[in-house]
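Here is a friendly note to read with the sequence and the model side by side. Take the points in order, and look up each residue as you go.

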Amino acid sequence: MMRRFLLIATPYFWLLALFLVPFAIVFKISLSDAAIARPPYMPQFDWAEGIRAFISQLDFENFVFLTEDDLYWKAYLSSLKIALISTVLTLLVGFPMAYGMARAPTEWRPTLMMLIILPFWTSFLIRVYAWMGILSNEGYLNSVLMWLGVINEPLVILNTNIAVYIGIVYTYLPFMILPIYSTLERLDGSLNEAAEDLGCSRFSAFWLVTVPLSRPGIAAGSFLVFIPALGEFVIPSLLGGSGTLMIGKVLWEEFFSNRDWPVASAVAIILLLILVIPIVLFQRNQQKQQEAEQ
Amino acid sequence: MTFKTATLTAIVALSTSAAFAEEVRVYNWSDYIDEELLTKFETETGIDLIYDVFDSNEVLETKMLAGGAGYDVVVPSGTFLQRQVQAGAFQKLDTAQLSNIGNVWDVISSRTAKYDPDNAYSINYMWGTTGLGINTGKVAEVLGDDAPVNSLALVFDPANMEKLASCGVHFLDAPAEIIPAVLAYIGEDPDSQDADVIAKAEPVLSAIRPYVQKFHSSEYINALANGDICVAIGWSGDVLQARDRAAEAENGVDIAYYAPTEGALMWFDQMAVPVDAPNPEAAHKFINFILDAENMAAASNYVYYANGNKASQEHLVEDVIGDTAIYPDEATLQNLYTTSPYAQKLQRKVTRLWTKVKSGT
């Protein structure tokens with residue numbers, strides 16, 4: 001009995017401690033007002049006044065404020081756009097790699113897998129800094145291209161959205177490759193043989209059999225890239241230019257430049273609500289996959 | 001580079017500290033000290049020094065307002081200090097623990113009293129101006145020999161900026177410093193707290209925005225020194241550090257600093273002790289160590305910023321005390337202005353204006 005209770009309670013406790021409690025705190029701050037204090041918002045909860053007086057001081061003003069300035073909508077939309085394009089690009093780069101891995105001789109696969117995972121051994125921040133060195137006007141890429149005579153003027157890539165896409169694709173590529181690889185690896189090769197026996201060309205067998213069967217992996221990989229890319233802050237702030245508008249940066253400015261924690265919290269709550277949709281879809285996809293396997 | 005060394009110092013300090021060794025944690029601006037002073041402090045006092053750096057007042061302020069940052073000494077600028085004192089972020093200094101307090105320079109402490117009445121919570125570390133860092137060769141090449149290098153017209157007049165864009169221009173990512181400069185350029189009060197006056201800065205900035213390569217508050221030192229950019233709105237000592245790095249590299253880049261004739265912002269970086277500092281006693285020891293005339297002079301000689309320490313002046317090298325870009329002459333001093341912190345609502349408008357300028361939205 002006790003064991004069963006613990007078994008059921010553990011995931012709920014996890015959810016409560018790591019999601020619901022932090023969410024409630026952020027939500028509460030989003031209903032407060034900014035103030036010159038430590039921490040910089042009011043009201044602070046006071047037992048003497050009681051919870052009712054405390055709640056009566058909270059309001060939705062900050063959420064109304066977000067609708068009044070088009071900056072926020074533009075930032076959300078621009079983040080969605082950047083996250084979507086990066087996901088598609090990551091898929092285009094990652095799928096052939098996963099496919100190649102799954103088709104490679106069995107004895108090579110652990111090595112290939114190692115190569116995919118190896119970059120994680122270096123800090124993420126250092127890898128993004130390395131891209132600054134590669135992409136800058138005097139960087140390695142431009143030096144090589146100019147030396148080869150391909151270009152005369154250095155390409156301006158650093159501090160543009162292109163650099164942000166490169167950064168996101170590079171950083172999240174393993175999250176795309178690994179789930180696709182794991183579905184492709186388990187595919188039954190005889191299905192393709194059967195398709196070819198029945199008159200399919202190799203390409204249409206790939207397109208009509210392999211791709212649809214790898215859909216769960218594609219979906220899982222895409223969500224794993226899209227969800228963190230939407231709220232990404234480090235990559236756009238290091239590689240992007242001043243013109244790169246992303247909600248992560250807006251959140252930073254609210255928090256640091258305006259020191260308006262309540263509005264920053266409101267921005268975060270809305271970001272979470274936007275993320276809930278893909279997260280729920282991701283969950284469903286995982287569940288379906290599990291059911292299909294059973 | 002300095003950032004790396006500073007981090008390394010911190011790691012070494014951490015790893016060598018015995019289990020019960022006393023420590024002091026200092027949070028200062030990047031490129032702002034002679035690192036030999038850090039080891040000197042450790043040998044003199046036997047206290048382990050953990051030295052971290054930042055490059056924006058906003059980051060420091062958020063840590064102070066959140067509380068529990070774990071630092072014993074921090075170095076905010078005057079306007080930020082004033083607000084943080086209001087928020088209750090600092091403790092009063094105990095002058096009894098500061099035997100070198102007599103070294104402070106009244107010319108500076110009378111000015112910092114604007115932010116911290118009676119200098120009760122803070123002591124000046126260094127001060128400087130915000131002005132123009134110029135790659136003299138490249139600017140002359142682009143704009144001719146009579147380029148207005150000591151005027152804000154250099155960076156706020158689109159005609160000049162259009163040409164300068166080809167060799168690269170950086171601005172500080174600090175609205176509280178750039179907006180007052182624009183106001184000085186268009187003849188308004190740089191310290192204006194009037195939203196309508198501040199709004200006048202927006203069209204001026206938007207007109208030159210396409211020609212600004214980057215808004216960043218520390219990258220311009222290396223960018224100027226390497227010749228990647230030809231003009232930066234930056235902090236006096238940082239530009240002079242760029243000048244020295246270029247000279248050391250012998251790369252033919254010649255850098256100069258000008259405080260604009262329309263007026264330049266004078267700012268003060270103040271050492272203060274957070275209210276929740278883990279080791280306030282060691283914090284006072286560190287501040288007293290910096291207040292020592294020779295130590296303070298060593299720091300200024302290294303980073304090319306003036307300090308608020310009268311007694312240190314006899315130990316300063318001629319390059320520092322004799323340079324009017326660092327220790328301005330009387331005429332330039334008259335031309336410097338100071339600013340006050342923006343109120344919350346105005347701050348939001350200022351940040352919004354800045355976002356609009358930078359991102360076009």
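1. How many residues does helix H13 of chain B have, and what distance does it reach from its first C-alpha to its last? This is a predicted model, so keep that in mind throughout. Helix H13 of chain B covers residues 236-249, which makes 14 residues, and its end-to-end reach of 20 Å is close to the 20 Å expected at 1.5 Å a residue.

2. Stay with this helix and look at its surroundings. The buried residues of H13(B) are B:Ser236, B:Gly237, B:Asp238, B:Val239, B:Leu240, B:Gln241, B:Ala242, B:Arg243 and B:Ala246. Their packing partners in chain B include strand S5 (122-135), helix H12 (220-226) and strand S8 (231-235). Strand S9 (255-258) and helix H15 (293-303) of chain B are also among the elements they pack against. After H13(B) comes B:Glu250, which has a positive phi, near 45°.

3. Now for the domains. Chain B is assigned domain 1 (2-127 + 267-328) and domain 2 (129-265 + 338-359). Taken over C-alpha atoms, the centres of domain 1 and domain 2 of chain B are 27 Å apart. Where they meet, domain 1 of chain B puts in 16 residues and domain 2 of chain B puts in 17 residues. On the domain 1 side of chain B, H4(B) gives the largest share, three residues. Sorted by class, that side of domain 1 of chain B has seven nonpolar, four polar and five charged residues.

4. Is A:Phe175 in chain A buried or partly exposed? A:Phe175 sits in helix H8 (residues 161-186) of chain A. A:Phe175 counts as partly exposed because it has 18 C-beta neighbours inside 10 Å, while a buried residue needs 20 or more. Leaving out residues up to four places away in sequence, A:Phe175 touches A:Gly221, A:Leu224 and A:Val225. A:Phe175 and A:Leu224 are 49 residues apart along the chain, yet 6.2 Å separates their C-alpha atoms.

5. How do the two chains meet? Chain B gives 24 residues to the contact and chain A gives 21 residues. On the chain B side, at least two residues each come from helix H3 (57-66), helix H4 (78-86), strand S7 (214-215) and helix H18 (344-359). The largest share of that side of chain B, seven residues, belongs to H18(B). The residues on that side of chain B are six nonpolar, eleven polar and seven charged.

6. Finally, a word on confidence. Chain B has a mean pLDDT of 91, with 94% of its residues at 70 or more. Residues 1-8 of chain B have pLDDT below 50, and this stretch has eight contacts in the model beyond near neighbours in sequence. Residues 10-19 of chain B also stay under 50, with nine contacts beyond four places in sequence. For the complex, the predictor gives an ipTM of 0.77 and a pTM of 0.82.

Conventions. Residues numbered from 1 in each chain as written. Chains lettered and ligands numbered in written order. Predicted model: local features only at pLDDT ≥ 70, side-chain atom pairs only at ≥ 80, totals over all residues. pLDDT = per-residue confidence, 0-100. Contact = placed C-beta atoms within 7 Å. Helix = DSSP H or I, 4+ residues; strand = E, 2+ residues; numbered from the N terminus. Nonpolar A, V, L, I, M, F, W, Y, C, P; charged D, E, K, R; others polar. Expected span 1.5 Å × (residues − 1). Buried ≥ 20, exposed ≤ 12 C-beta atoms within 10 Å, placed from the backbone. Domains from an automatic or database assignment.
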